[in-house]
Amino acid sequence: MSTPLIIAIVIAIVLVLMYNSLVAKKNQVENIFASVDTQLKKRYDLIPNLVSSVSKYMEHEKSLLEDITKLRSEANKPNISDEQKIALDGKMSSVLGSIMIAVENYPDLKANENVMHLQRSLNEVEEQISAARRAYNQAVTDYNNALEQIPTNFMASAMNYKRKEVFEINESERKNVNVKELFNS
Amino acid sequence: MKTISQLTNFYYKSLHPTLTELEADRLALKKRVIIIQAILAIIATAILYFMFKSSVFSIDILAFVGFSYFALAGFTYKLLVKDYAKDFKFRVITPLIKEIDINLRYTPSLHISEMHYTRSGIFTSSPDRVSGNDFVKGKIDGISIEFSDFHAEIEHKDSKGRRSWSTQFQGLFLVSEFPKHFKGKTVILPDTAQSIFGDFIGSFLQSNNFSRNDLIKMDNPVFEKEFVVYGTNQIEARYILSHTLMEKILDFKRRSNHPINLSFNGGKIYMAIEYNKDLFEPSVFHSLLKYKIAMEYVETLHLAIGIVEELKLNEKLWSKL
């Protein structure tokens, strides 16, 4: 076999491998985003129940409850983009957090079995969402790296692949709860 | 759970009368061992001397005599210390374990079942021979835990059909319930590739390891440097390995000071701590009263039994109650 032919074959193989690895990375991101989405939906499904059980007690936090209902209906709209979903998730987490803190101020509510059950369900879903987000971020990082690193960057720009956004994990989620600080405040 | 210093106190105070009795036994035994070993050594030298004289000496004979001598010496040593070791386990290790937690059962002659070892998936090939001892089983804070000394070996045959054994794992093997639901398998191993070959080639080798499941990169840089994670499900692995659990595993590793392998499979956590020696065995040549020796028993037990508290395995999620 002549040398130019061998070189051509090697180049072809390298190109195919690069192409396949990029496609695999993109699909991995999409695949994991689907799981994130399922978990987020699970959480949205818990919200009407939560709102109806706490609204009787929470007179002062009406606006929070309105916010969360609004966020849920926005998230349930068809055809929203992945970026919008990511942004909604961030808002949702912070509003839910404030509601959960507010619950602590109502002893009746805290002791309510239905609320306790909801709280636990939310905690569990929250943990699963957090895991799914972290998996998604890693997949996106791998994908984005391939988009920028040599030699796959040339191939990626030819394929018109665009960078994707990661979920921002808020700092409070990373830190362990400091019990001492809770008592001091 | 009792602290290490409380246990050390118990060891030196409550067990003191026992330890002094055992110490007397040990000194007598040590004498016997030295005498018998000396006799064996003299016999071996004498045999070699006469062979050398009678000019039938060859390297094969030297190897044969040497090999037989070491085998015999090892065998007689084990035979001699057997009763002492039994006594030690019954009178020192048993009360020590009871002191840590009354609900734990200790059986010196048994070991953890081979099924647990293979099901853990920490090691990719199943062992050809397993042995072990010092089996502890019980519940701590309602969480079942069992562990033992474990030794797994692989058999090799060379072209001449000669058999030899190599160690796959030797150390402490632990099994406990895990408080979260999961379906797949996640394995955490010490990160050897990345520390030998560096980040780039190391992670390339890891992601192309065909005997393992998918490589899972964790988002804790310290953890990622110390360990490599393989699993069947990217999300589930992160659900199990929360940020807090990763920190706790790192702490545990620092405390144990030995390489640790973990796996999560079928609702259980498996942990293999490599000590590369038989644990909880008394030595004839070291006093049980010595602080360093005592601490080894106390610390190892404390570490193993403390895993439930340390990794917060007792904080069950509501759905698993």
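**Labels and their cut-offs**

Mentor: Start where the chains meet: 14 residues of chain A are in contact with twelve residues of chain B. This is a predicted model, in which local features need pLDDT of at least 70, side-chain atom pairs count only at pLDDT 80 or more, and totals for chains, interfaces and linings use all residues. Residues are numbered from 1 along each chain as its sequence is written, and chains are lettered from A and ligands numbered from 1 in the order in which they are written.

Trainee: What makes two residues count as in contact?

Mentor: Their C-beta atoms, placed from the backbone, lie within 7 Å. On the side of chain B that touches chain A, α7 (234–240) and α8 (243–256) of chain B each supply at least two residues. The largest share, four residues, comes from α7(B).

Trainee: Which classes do the residues on that side of chain B fall into?

Mentor: Four are nonpolar, five polar and three charged. Nonpolar means Ala, Val, Leu, Ile, Met, Phe, Trp, Tyr, Cys and Pro; charged means Asp, Glu, Lys and Arg; the others, Gly among them, are polar.

Trainee: Why are α1(A) and α5(A) called roughly antiparallel?

Mentor: Helix α1 (residues 3–54) and helix α5 (residues 113–148) of chain A pack at an angle of about 160°, with their axes 8 Å apart. Angles under 35 degrees count as roughly parallel, over 145 as roughly antiparallel, 65 to 115 as roughly perpendicular and the rest as oblique. The angle is therefore in the antiparallel range, and α1(A) is roughly antiparallel to α5(A). The axes are lines fitted to C-alpha atoms, for helices over the stretch in contact, and the angles run from 0 to 180 degrees between N-to-C directions. The residues of this contact divide into 21 nonpolar, nine polar and six charged.

Trainee: What counts as a helix or a strand here?

Mentor: Both are DSSP runs numbered from the N terminus: helices are H or I with at least four residues, strands E with at least two. By that rule chain B has ten helices and nine strands.

Trainee: Why is B:D141 called partly exposed?

Mentor: B:D141 has 14 other C-beta atoms within 10 Å. A residue is buried with 20 or more such atoms, exposed with 12 or fewer, and partly exposed in between, the C-beta atoms being placed from the backbone. The count for B:D141 lies in between, so the label is partly exposed. B:D141 is in the loop between β2 (129–140) and β3 (143–157) of chain B, and its phi is near 50°, a positive value in a residue other than glycine.

Trainee: Is B:N276 buried or exposed?

Mentor: B:N276 is exposed, because its count is 11. This residue is in the loop between β9 (268–274) and α9 (291–305) of chain B, with a positive phi of about 55°. Of the 321 residues of chain B, 28% count as buried.

Trainee: Where in chain A is confidence lowest?

Mentor: Confidence there is lowest in helix α8 (residues 179–184), at a mean of 47, and highest in α1(A), at 89. The scale is pLDDT, the predictor's confidence in each residue, from 0 to 100. Over residues 174–185 of chain A the pLDDT is below 50. The mean for chain A is 83, while chain B averages 87.
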